[in-house]
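Here is a friendly walk through a few packing details, with the structure to hand. Please have a look at the picture first, and then read on.

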Amino acid sequence: MSDLFKSRQEAYNLATKKYNPGNTNHKEYDSIYLSPTSNVKGTLSLYNNYESVLALGATGAHGFEAALHGAKKVDMFDINELQRVFFEFFKTAIMVLDYEEFIHYFTLDKQTFMFQKKDIANLLGNGLFERLVYFLPEDVIFVLEPIFEMFYSPDIIMSALFRFEYNVTRSYLKKNISLYNKEDYNKLKEILLSGECQFSYHQLSIEDVPKFFKDKYDLIILDNLFQYYSKLRTLDTPYKVNMFIRKELSNLLTDKGVIQAAYGFEIASDSLKSMLNIPYTPYKSIITPMVTREEIKNGIVPNLIKKWPDNYSFDFIPGVEREEGRDTDNVVLTYRHK
């Protein structure tokens with residue numbers, strides 16, 4: 001069986017299974033993120049003067065954000081081949097659809113735990129594939145066509161093919177990712193159609209990145225990848241993560257290049273503030289002293305700052321949890337050559 005046939009079979013198999021919320025597995029064929037989970041705008045606002053970017057792929061949002069900031073070359077990687085397929089589907093949608101169509105098919109007005117299928121019928125609605133099919137790459141058609149032909153879109157969204165527990169509401173996405181706003185969407189469409197920025201996306205694990213990519217980059221974006229370091233075969237301790245960043249990933253940087261090395265959500269941010277005696281007001285029902293102590297002990301963000309403070313700087317940005325009514329910060333760690 002070729003890789004393409006395997007991708008088709010794995011995607012179909014996931015579409016027939018029930019999704020397990022809280023699934024933190026990240027495998028070669030796995031559930032697909034519909035949208036980013038972090039504050040993409042806030043992260044990219046910390047950096048400037050970059051033309052070449054290497055980024056964790058996911059939906060492509062960090063790469064697209066970089067292009068909107070002037071990047072001319074964006075290479076992306078993700079361990080999940082199905083995520084790569086969805087990126088090509090998503091990118092094609094931006095190039096083909098007008099803004100109102102895109103918002104209709106890729107966002108929800110509201111998202112709750114209690115809903116009926118009709119409430120999410122527009123999300124990747126069945127008419128979307130028909131609208132895009134003549135513009136999609138052949139491999140994307142081969143993998144996704146059986147799914148869109150055989151399943152009603154709400155059943156696909158609620159299956160193991162997608163990670164629907166994450167926020168896809170318009171208010172959240174517009175606040176945290178530029179491309180969901182009309183002016184930036186149209187600007188990104190022009191960039192994609194003109195080829196002003198060159199994009200590539202590769203199915204690849206983080207461990208293999210230094211061996212695969214040969215170019216030099218002004219900015220490497222890892223988002224919250226290392227939040228799950230304990231599940232990585234060769235990078236399962238903070239020490240190994242630090243050495244990997246310093247001794248391997250940094251070889252891909254230009255002279256003034258930097259690495260966005262880690263991203264921490266509310267728990268990581270509050271735990272770092274607690275560790276460094278920075279005033280903060282924790283959200284009591286979420287952040288307990290026990291959770292904070294555990295995060296300080298094992299979380300990648302506190303560990304990199306605690307053990308190697310000369311190698312990493314940190315910045316607090318508005319937390320994505322603010323959309324849920326909590327006045328939170330998220331934290332971004334940056335590695336720079338010393």
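This is a predicted model: local features need pLDDT of at least 70, side-chain atom pairs count only at pLDDT 80 or more; totals for chains, interfaces and linings use all residues.

**Where α4 meets α10**
- Helix α4 (residues 81–96) and helix α10 (residues 182–194) have axes that come within 8 Å and cross at roughly 105 degrees.
- Because angles of 65 to 115 degrees count as roughly perpendicular, α4 and α10 are described as roughly perpendicular to each other.
- On the α4 side, the contact is made by K91, A93, I94, M95 and V96, while α10 brings Y185, L188, K189, L192 and L193.
- By type, the residues of this contact are 8 nonpolar, no polar and 2 charged.

**The two faces of α14**
- Within helix α14 (residues 289–298), you will find T292, E295 and I296 buried.
- These residues span an arc of only 100 degrees around the axis, so they sit on the same side of α14.
- Their packing partners are α13 (266–275) and α15 (300–307).
- Turned away from that buried side is a face with the exposed residues M290, R293 and K297.

**Aromatic pairs**
- The whole structure holds 25 aromatic pairs.
- In one of them, the ring centres of F102 and Y185 are 4.8 Å apart with planes at 35 degrees, so this pair is tilted.
- F102 lies in helix α5 (residues 99–106) and Y185 in helix α10, 83 residues apart.
- Both F102 and Y185 are buried.
- For F115 and F164, the centres are 5.7 Å apart and the planes at 85 degrees, so this pair is edge-to-face.
- F115 is partly exposed at 29% relative accessibility, whereas F164 is buried at 11%.

Definitions and conventions:
Residues are numbered from 1 along each chain as its sequence is written. Side-chain values use heavy atoms; hydrogens and water are left out. Axes are lines fitted to C-alpha atoms, for helices over the stretch in contact, and angles run from 0 to 180 degrees between N-to-C directions. Helices (H or I, at least four residues) and strands (E, at least two) are DSSP runs, numbered from the N terminus. Angles under 35 degrees count as roughly parallel, over 145 as roughly antiparallel, 65 to 115 as roughly perpendicular and the rest as oblique. Contact means heavy atoms within 4.5 Å. Ala, Val, Leu, Ile, Met, Phe, Trp, Tyr, Cys and Pro count as nonpolar, Asp, Glu, Lys and Arg as charged, and the others, Gly among them, as polar. Buried means under 20% relative accessible area, exposed over 50%, partly exposed in between (1.4 Å probe, protein chains only). The arc is that of the directions from the helix axis to the C-beta atoms. Rings of Phe, Tyr and Trp (its six-membered ring) pair if their centres lie within 6.5 Å; planes under 30 degrees apart count as stacked, over 60 as edge-to-face and the rest as tilted.
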